[in-house]
Amino acid sequence: MTDRRDFIRRMAGVGALIATADLPALAEDNPAVFPNRGQYERMSLSYATVEIGLGEPFSVLHLSDSHLTAAYDNEGEKKLKLRETRTTTFGGRQEEALRDALAWAKQHVDYVVHTGDLIDWQSQANFDLVKKYFGRDIIGSVGNHEFSPDMWLSEPKEEHTEAFKDLTRRKLQEVYPYDVTFQSQVVHGVNFITLDDVYGYVTEEQVKRFSLEVEKKLPIVLCMHVPFFTDNIWRAAMRFWRDKGPMKSGELPKIGGAYKLQREEPVTSNFIKYLRHEPLLRCILTGHEHITVEDQFSPTCREYVVAGSFLFHGQEVLFI
């Protein structure tokens, strides 16, 4: 009898997900972290179930925000400075957390999807880590940090525009073997669509490509980095990031940032309004906010934001 994981591996192809059978066996236990606990007890996993009415259930480990901070000694002063400061920022365990997550995934789920900020900024060392852990099969969506050559040290300074992304988009395409702007893959009758919304907006071209995918008449799972904010997701994010003192329970902070843009930028706001009435949309997977929170996006779709992989967080999503 054919092993189910072998079947999944052969059917996966290139698209929104990587089959766990294709992941390398790279788990390395580090007794310096929680030395009296098992390897996977370091992880903090949440669980979700998406009911679609499938003949055969399958599961996905959803990761986001690994923020790898590697640089080779010969990569220049800016990248070495970032290696020191940003590794401190993220605790220095990012690679270990990623190893744990992928090793757990090989044993427990069928696929992995990563929704951006796998790397903290562009360096050859970070790009090599991408290839090390996912080979040429890493699939998912990019995050805003993927487009950062040297973060705040970069010249020209980062702008939240397609023109800024164009400066390094080709370089990213050489490392990430999927269309970093928009990608689709059908898995067990479910259409997983990943798109680049790293600055909060979408483009007319992405909307056109999404419309073509809808014509397939398949259930859709949308994977991207920045959430399409609801009031509840915005409230949770601001309670985490707010630096202006405490918020009262239930308080909705002033709308700003990506949420404000999503309400006001015409292409994006119209796309979100459309999605709220699209019955084929069944699930949205995002990251970016470094917290785990979920909310009902539409009558047929729930949105799941997963906390940072660098914190050993992940989410198993079961599709049934």
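This is a predicted model: local features need pLDDT of at least 70, side-chain atom pairs count only at pLDDT 80 or more; totals for chains, interfaces and linings use all residues.
Just past helix α2, G91 adopts a positive phi of about 95°. Four of its residues, K79, L82, R86 and F90, are buried, and the cover over the buried residues of α2 includes α3 (94-108). As for spacing along a helix, there are 3.6 residues a turn, so residues three or four places apart point the same way.

R86 also has a charged partner. It forms a salt bridge with D120, with the closest N and O atoms 2.6 Å apart. Since D120 belongs to the loop between β4 (111-114) and α4 (124-134) while R86 is in α2, the pair ties together parts 34 residues apart in sequence. Both D120 and R86 are buried.

Overall, the count comes to 18 salt bridges. Among them is R302 with E294, whose closest N and O atoms are 2.6 Å apart. In this pair R302 is partly exposed, at 27% relative accessible area, and E294 is partly exposed too, at 35%. Elsewhere, E162, K165, D166, R169 and D196 are linked in a salt-bridge network.

On confidence, the chain averages a pLDDT of 89, and 88% of the residues score at least 70. Residues 1-15 fall below 50, though this stretch has 32 contacts in the model beyond near neighbours in sequence.

Definitions and conventions
Residues are numbered from 1 along each chain as its sequence is written. Side-chain values use heavy atoms; hydrogens and water are left out. Buried means under 20% relative accessible area, exposed over 50%, partly exposed in between (1.4 Å probe, protein chains only). Helices (H or I, at least four residues) and strands (E, at least two) are DSSP runs, numbered from the N terminus. Contact means heavy atoms within 4.5 Å. pLDDT is the predictor's confidence in each residue, from 0 to 100. A salt bridge is a side-chain nitrogen of Lys or Arg within 4 Å of a carboxyl oxygen of Asp or Glu.
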